[in-house]
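Let's take a walk through this model, starting with the whole chain and then stopping at a few individual residues. Have the viewer ready.

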Amino acid sequence: MKFKCRMVDVIAMRDFTNIVNIISRITKQCTLRLTPNDLCFSVNDDRVSMIWAELSQAHFFTEYIMNGVTEEQNEIYLEFDPSMLARSLGSLRMTAKSVKIKLTNKRQPCLTLEIELPSLSIESRQCLHDVPVRVIPRREWVEHHTPNIPEFHISVDMPQLKHVKHIVERMKNMSPTMTLSADKSGGFTLQVETDSASISTHFQNMQVWSCSQEQDDDKVSVVIDIRKFFMFLGWDIVHPDGVKCNMLQDRMINLFLHVADYLKIHYFIPAVAT
């Protein structure tokens with residue numbers, strides 16, 4: 001079992017750092033699945049998928065060597081505290097020249113980061129970080145596989161995340177829950193209820209990608225935890241090309257974000273009882 005990679009591109013290092021930082025704000029424990037083509041960060045909540053972030057290794061790394069458990073099962077699953085990795089990657093903000101990440105064994109398995117920093121002398125400086133990890137045994141892999149994506153009642157484009165984030169930032173101080181609604185004509189609504197008022201923001205003419213014929217009602221609505229939704233809006237930092245909001249009436253929403261062909265994120269928020 002072997003893993004080693006290297007980043008030299010400034011934008012790739014920035015994007016990778018941003019992705020890890022966002023995940024570290026959401027959870028204290030995450031899983032990293034390594035395959036020959038992709039890195040997948042996943043977060044589960046009570047064994048139910050909450051986040052699945054898939055990164056194309058070819059975009060981020062100039063060097064990528066990965067040998068899994070066996071030739072047939074050419075994967076590696078690691079579990080760790082993402083805040084430790086985020087702190088280690090903080091050195092990349094100091095105009096790092098490159099970073100190497102490899103799986104090592106230093107009394108316990110670690111992701112070791114070797115960060116090359118610029119120096120006034122001829123020789124560059126090196127910054128070394130070890131992030132402890134647990135190598136997940138094969139018998140547990142099934143708990144960390146790609147999440148099943150159900151057939152949704154409606155799939156609609158979301159407005160730009162930065163606009164939605166500005167609105168939700170105000171609404172989250174009014175109520176612990178929010179109702180998201182979408183209809184067949186491309187309407188998309190954010191609504192919160194208080195003891196004395198109902199506040200809503202309406203967007204029109206959003207593209208509708210699919211709409212179930214099973215729905216008697218034109219509108220699909222889900223009541224969700226507003227803070228979980230607000231955490232998702234932090235992904236605006238990766239400047240997505242598009243975000244779809246997929247809804248199952250009164251059950252859950254799935255937010256799908258993509259950046260070109262190198263980053264795909266599924267974010268699941270279950271409905272809350274009302």
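Predicted model: local features only at pLDDT ≥ 70, side-chain atom pairs only at ≥ 80, totals over all residues.

Residues are numbered from 1 along each chain as its sequence is written, and side-chain values use heavy atoms, with hydrogens and water left out.

The protein has five helices and 19 strands; these are DSSP runs numbered from the N terminus, with helices being H or I of at least four residues and strands E of at least two. Its C-alpha trace spans about 65 × 45 × 30 Å along the principal axes.

How much of the protein is buried? Of the 274 residues, 49% are, where buried means under 20% relative accessible area, exposed over 50%, and partly exposed in between (1.4 Å probe, protein chains only). As for contacts (heavy atoms within 4.5 Å), 63% of those with a separation of 6 or more are between residues 24 or more positions apart.

Now zoom in on strand 2 (residues 30-34) and strand 3, which run antiparallel and are joined by four bridges; two strands pair if DSSP finds at least two bridges between them. They form a hairpin with three residues between them, and Arg 33 has Cys 40 in strand 3 as its bridge partner. Also in strand 3 (residues 38-45) sits Ser 42. It counts as buried because its relative accessible area is 4%. Setting aside neighbours within four places in sequence, Ser 42 touches Cys 30, Thr 31, Ile 51 and Trp 52.

Most residues other than glycine have a negative phi. Arg 107, though not a glycine, has a positive phi of about 70 degrees. You'll find Arg 107 in the loop between strand 7 (98-105) and strand 8 (109-117), where its 91% relative accessibility makes it exposed. His 239 also has a positive phi, near 55 degrees. That residue is in the loop between helix 5 (226-232) and strand 17 (242-248), and with a relative accessible area of 58%, His 239 is exposed.
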